[in-house]
Amino acid sequence: MPRLILLRHGQSQWNLENRFTGWVDVDLTPEGEAQARRGGELIAGADFKPTVMFTSVLTRAKRTGALALQSAGLTGVPVIEDWRLNERHYGGLTGLDKAETAAKHGEDQVKVWRRSYDVPPPPLAPGGEWDFNADPRYAGQTIPDTESLKTTLDRVLPYWNEAIAPRLKAGEDVLITAHGNSLRAIVKLLFDVPDDQIVGVEIPTGNPLEITLGADLKPTAARYLDEGRAQALPPVA
């Protein structure tokens, strides 16, 4: 049976600064680099040898994957990047301090933007500092100006179906290094998590989530490799 590991990037500079990051291309902190290397050690300890690694186009995910593979002694693994594995786009909240945003708009409103399944933040104004339309990584693509978790899943799902699922169905083991919300979308898909429960699923940084899949790509087993930093997982059918 194929195995899939989901690895959320290590701590980023804006994680440390408590800012809404989304698609902004910030790098890892030294702590984030250490988390990535530790993730690789855990992957090696689980005797997990992926035939391919999928990642977003954002530096914090790409570097996490590279450091993990290096630490695991798997530097020859092919890497495929795609923007559809990017973090959720936080729209007009991008770059803002989370505590200051709560003080300005109220904690209840910010909680709705952050934690509801289908309510996005206000859209990002065009032409500003965080307008990604001119970024060559998205050339020719119609990219969002804000996203909810639902619309994040809407863009992750086609990529899963066209690029990732076929590799797993062929019996390959796959590593995905991405972000809290793009990985949460994959967890929702695989575990059939209800809309009102998926927002409560937390994915810790740098802790590989190993999922064993059946022929129908439904989980038969799942565990975090670092049990001391594990979060609750949806039940396996």
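Student: Leaving aside neighbours within four places in sequence, what is T29 in contact with?
Tutor: T29 is in contact with Q11, S12, Q13 and L16, where contact means heavy atoms within 4.5 Å. The model is predicted, so local features need pLDDT of at least 70 and side-chain atom pairs count only at pLDDT 80 or more, while totals for chains, interfaces and linings use all residues. Residues are numbered from 1 along each chain as its sequence is written, and side-chain values use heavy atoms, with hydrogens and water left out.

Student: Where does T29 lie?
Tutor: T29 lies in the loop between α1 (13–16) and α2. Helices here are DSSP runs of H or I with at least four residues, strands are runs of E with at least two, and both are numbered from the N terminus.

Student: Is T29 buried or exposed?
Tutor: T29 counts as buried because its relative accessibility is 3%. Buried means under 20% relative accessible area, exposed over 50%, and partly exposed in between, with a 1.4 Å probe and protein chains only.

Student: And E41, where is its place?
Tutor: E41 belongs to helix α2 (residues 30–45). With a relative accessible area of 43%, E41 is partly exposed. Its C-alpha atom is separated by 11 Å from that of L74, 33 residues apart along the chain.

Student: How do the axes of α2 and α3 cross?
Tutor: The axes of α2 and helix α3 (residues 59–72) cross at roughly 45° and come within 7 Å. Axes are lines fitted to C-alpha atoms, for helices over the stretch in contact, and angles run from 0 to 180 degrees between N-to-C directions.

Student: Which residues make the contact?
Tutor: From α2 there are E33, A36, R37, G40, E41, I43 and A44, and from α3 there are R63, T64, L67, A68, S71 and A72.

Student: A change of topic: which residues touch the most other members of the largest nonpolar core?
Tutor: They are L4, W160, I164 and I176, in a core of 34 residues. A nonpolar core is a set of buried Ala, Val, Leu, Ile, Met, Phe, Trp, Tyr and Cys residues joined through side-chain atoms within 4.5 Å. The largest share of this core, nine residues, comes from α6.

Student: What does I176 touch?
Tutor: Not counting residues up to four places away in sequence, I176 touches L4, I5, L6, L7, F54, L85, W160, I164, L183 and I186. Apart from this core lies another, of 14 residues, among them L42, M53, L74 and V77.
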